[in-house]
Amino acid sequence: MGGMPVNDMPWWRWRTNVRSALHMLSDPVFQQECWLAGQPGYGDVTDAVYRLVEDTWLDNWSAEKYVGTIFRDSQEAALVDVAVLRVLRIMHQVGADAPVSAYLEHHGWPEAVRAAREAHVRLATNDGEDPDVPPRTLEVLAIMTRAV
């Protein structure tokens, strides 16, 4: 990650995971070329959703709780909350084990992608990074978040 270091945040590893998930959830081209095509190395929609909420419990409470630790400000938190709610609503409707196509064909998916994009752009920009670079593989993510 170039630009401003994401590790200036106290819980930067969680921020990195949330950003990775939002990045994948916000990129329709990536979703078609990687998830739908079954390209290895990127997981699937369910992996991204779990990365978004697993450590943070954003499926149970607001991202506002993490302002100053994972999120830089209330604006980031609010955008993440909207994205989480939209994506989780679809996951609960189609099922966590549904194929990628079930998510992508869901009537609410474009709105979920838009919300994830708004959150991703805000977080990436606040970290001094280009939000339009392609998502990193899960292997690169693991290297980035490895404890030193």
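Student: At what angle do the axes of H3 and H4 cross?

Tutor: Roughly 135°, and the two axes come within 11 Å. Axes are lines fitted to C-alpha atoms, for helices over the stretch in contact, with angles from 0 to 180 degrees between N-to-C directions.

Student: What makes H3 oblique to H4?

Tutor: Under 35 degrees counts as roughly parallel, over 145 as roughly antiparallel, 65 to 115 as roughly perpendicular and the rest as oblique. The axes cross at roughly 135°, so H3 is oblique to H4. Keep in mind that this is a predicted model: local features need pLDDT of at least 70, side-chain atom pairs count only at pLDDT 80 or more, and totals for chains, interfaces and linings use all residues. Residues are numbered from 1 along each chain as its sequence is written, and side-chain values use heavy atoms, leaving out hydrogens and water.

Student: Which residues in H3 meet residues in H4?

Tutor: Val-49, Tyr-50, Leu-52 and Val-53 in H3 meet Val-84, Val-87, Leu-88 and Met-91 in H4. Contact means heavy atoms within 4.5 Å.

Student: Why is Gln-32 called partly exposed?

Tutor: Buried means under 20% relative accessible area, exposed over 50%, and partly exposed in between (1.4 Å probe, protein chains only). Gln-32 has 45%, so it is partly exposed. Its place is in helix H2.

Student: Which residues of H6 are buried?

Tutor: Among them are Trp-109, Val-113, His-120 and Leu-123. Seen down the axis of H6, the buried residues fall within an arc of 165°, so they line one face of the helix. The arc is that of the directions from the helix axis to the C-beta atoms.

Note on methods
Helix = DSSP H or I, 4+ residues; strand = E, 2+ residues; numbered from the N terminus.
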